[in-house]
Amino acid sequence: MLIIGHEEVEYNPFYFIKSTQDIAVTPSNSTVVFEYSKNNLELIKHCKENDISFALICDELKDTLLANANSANYIICDKNIIKEAQKFADEYMFDAKVLLYSSNEDELLWCANEGIDGIIFENAISYEAVN
C-alpha cells in the first residue's frame, strides 16, 4: 500500500499545476497533479510526450476510467467514489494506482481494510508555485 504525505514516511511531494508553464518550474522527476477534465487533455498529452509522472484528480467515477486510459500514474479520488474506482482498477488491471485523498490519519487503516492501492495526505500536494 502506498502512503504519501505521512510525517513518518519519506515521500517526494506532488505539485498541483494548471499549465505547462507550471511544469517547467517543478523539480525534475516530480509528479504533477491536476484535475481530470476535457480542458486538461493538452496537459495530459504534454505529460505523456515528455515522460512526466502525473496524477489526475477525479471527481466522477467515469473519469477514473478515462484517467487510466490516458496513462495517468495515479488517480486521486475522495471517499465518495474510491471503493468503486478501486474495484475498476482491480477488475481491469489499471496501470495507475488509486489513491484516497485525505487529511485524516485514521483513514489509513480504512484504506488497508478496503484494499485501496494507497492514500495521499493533503499536505503531500504543494499548491504553491515552485521557484
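The structure is a predicted model. A search of the whole structure finds 3 salt bridges. A negative surface patch involves E7, E8, E105 and D106. Strand β7 has buried residues on both of its faces.

**Salt bridge K62–D63**

- Side chains of opposite charge can pair when their charged atoms come close.
- K62 and D63 join their side chains in a salt bridge, with an N to O distance of 3.2 Å.
- D63 has a relative accessible area of 8%. Buried means under 20%, so D63 is buried.

**Salt bridge K79–E107**

- K79 pairs with E107 in a salt bridge, and their closest N and O atoms are 3.5 Å apart.
- This pair links distant parts of the chain, 28 residues apart. K79 sits in the loop between β5 (74-77) and α4 (82-91). E107 belongs to helix α5, which covers residues 107-114.
- K79 is partly exposed, at 38% relative accessibility. E107 is buried, with a relative accessible area of 15%.

**Salt bridge E114–K83**

- E114 and K83 form a salt bridge, with the closest N and O atoms 3.7 Å apart.
- This pair also links distant parts of the chain. E114 is in helix α5 and K83 is in helix α4, 31 residues apart.
- E114 has 36% relative accessibility and counts as partly exposed. K83 counts as partly exposed too, at 46%.

**Positive phi angles**

- D51 has a phi near 55 degrees, a positive value in a residue other than glycine.
- The loop between α2 (41-49) and β4 (53-57) holds D51.
- Exposed means over 50% relative accessible area, so D51, at 72%, counts as exposed.
- S71 is not glycine either, and its phi is positive, near 70 degrees.
- S71 lies in the loop between α3 (61-69) and β5.
- With a relative accessible area of 42%, S71 is partly exposed.

**Negative surface patch**

- Four residues make up a negative surface patch: E7, E8, E105 and D106.
- E7, one of the patch residues, lies in the loop between β1 (2-4) and β2 (14-16).
- E7 counts as exposed, at 74% relative accessibility.

- Strand β7 runs over residues 118-121, and both of its faces are covered.
- G118 and I120 are buried on one side. I119 and F121 are buried on the other.
- β1 pairs with β7 in the parallel sense, over 3 bridges. In β7, I120 stands opposite I4.
- Strand β6, residues 97-102, also pairs with β7 in the parallel sense, over 4 bridges. F121 of β7 stands opposite S102.

Terms used
Residues numbered from 1 in each chain as written. Predicted model: local features only at pLDDT ≥ 70, side-chain atom pairs only at ≥ 80, totals over all residues. Heavy atoms only, no water. Buried < 20%, exposed > 50% of the residue type's maximum accessible area, 1.4 Å probe, protein only. Helix = DSSP H or I, 4+ residues; strand = E, 2+ residues; numbered from the N terminus. Patch = residues over 30% accessible without salt bridge, like charges linked within 9 Å, V, L, I, M, F, W, Y side chains within 5 Å. Areas by Shrake-Rupley, 256 points an atom, 1.4 Å probe, with all protein chains shown as cover. Lys, Arg positive; Asp, Glu negative; His and termini not counted. Charge placed at Lys NZ, Arg CZ, Asp CG, Glu CD. Pairing = 2+ DSSP bridges.
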